[in-house]
Amino acid sequence: MREQSRARELAHALVSTGNSCGIKTRALLTDMNEPLGAAVGNSLEVKECIEILRGEASEGARPVLDVSLELCAHMLLLANVDQTIEAAHARLQNVLRSGEALECLRRNIAAQGGDPRVCDVPDKFLPLVHTSVKVESPRSGYITSVDTTEIGHAIAAIGGGRVRIEDTIDPTVGFMSELKLGDQVRSGQAIGVVYSGDEAAAREAAQRIQAAYHVTDNPLAKAEKLVKEIINE
C-alpha cells in the first residue's frame, strides 16, 4: 500500500476477517521505503534467501531475515508453541544456526520436483546471468528516499516481472542494491547493479533505477522502523 493509513485499514480488515473465522490472525505493518533486501528479481531473490538460511547473506539482506524472524515469531505465539516473543525468537535462532531451516527448504524443493542441491551451490542451479550494468549515483550526498515502485516497474519492464498478464517472466533479470537509505554516496559510486542477458535493456532499467534513488546534501533525519505496527484486531 502506498499510504500507511490505507495499509492499516486493510490490515484491520484482514485480521478481523481471519479472527471472525476462528483463525487467530495478526498483521504487521512493515517498512517498504526501499528494497527490503539487496536483491530484486526472481533468481537473485531465491539466491539471497538460500544465503540467509546458510548464514552467508550480506548485511544488505538483513532486513529480509529480520522481518521473516518477526513474522515467524508471531506465528509461533498464535499457535501457542511459545508463550513470549523472546522465546519464539530464541527458538528460531536455534533453527537457523542448526541448519534445520535450510533442511526444511531442501525438503520442500524436493517435494515440488526441484533439485535440492540448489541449497548447496545456488550459482550452479539457478538461472543467472553475468551481463550487468552499474547504477551510478549522479552526485555526491546522502540517499534520503527511494521510489521502490519505480524500481519494481523498471525490472518488470525488461522481463523481471509481468507488465501484462500474458508476459513471460525471465528469472535471470534483476537488480542488486549496494547501498541503503541514509548511506553516504560519492558521484559515480555504484548504487547497485542491474542483471540482464540484454545489455541494452539493462541500461534502460539502470537509468530508471538511478532516477528512483534521491541523493541530497543533508543526511537522513532518522531511520524508519522496520516493523511499524502490530495489529491484533
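E103 is partly exposed, its relative accessible area being 34%. In this predicted model, E103 pairs with R106 through a salt bridge, with N and O 3.1 Å apart. Both residues belong to helix 5 (residues 100–111), where they are 3 residues apart, about one turn of the helix. R106 has 18% relative accessibility and therefore counts as buried, because the buried class covers values under 20%.

**Salt bridges**

The whole structure contains 16 salt bridges.

| Salt bridge | N to O distance |
|---|---|
| E103 and R106 | 3.1 Å |
| R91 and D82 | 2.7 Å |
| K228 and D31 | 3.8 Å |

In the pair R91 and D82, joined by their side chains, R91 is partly exposed at 37% relative accessibility, whereas D82 is buried at 9%.

K228 is partly exposed, with 26% relative accessibility, while D31 is buried, with 8%. A network of salt bridges links D31, E224 and K228.

**Nonpolar surface**

M1, L10 and L14 make a nonpolar surface patch of about 310 Å². M1 is located in the segment before helix 1 (4–20). With a relative accessibility of 58%, M1 counts as exposed, because that class begins over 50%.

Key:
Residues numbered from 1 in each chain as written. Predicted model: local features only at pLDDT ≥ 70, side-chain atom pairs only at ≥ 80, totals over all residues. Heavy atoms only, no water. Patch = residues over 30% accessible without salt bridge, like charges linked within 9 Å, V, L, I, M, F, W, Y side chains within 5 Å. Areas by Shrake-Rupley, 256 points an atom, 1.4 Å probe, with all protein chains shown as cover. Salt bridge = Lys/Arg side-chain N within 4 Å of Asp/Glu carboxyl O. Helix = DSSP H or I, 4+ residues; strand = E, 2+ residues; numbered from the N terminus. Buried < 20%, exposed > 50% of the residue type's maximum accessible area, 1.4 Å probe, protein only.
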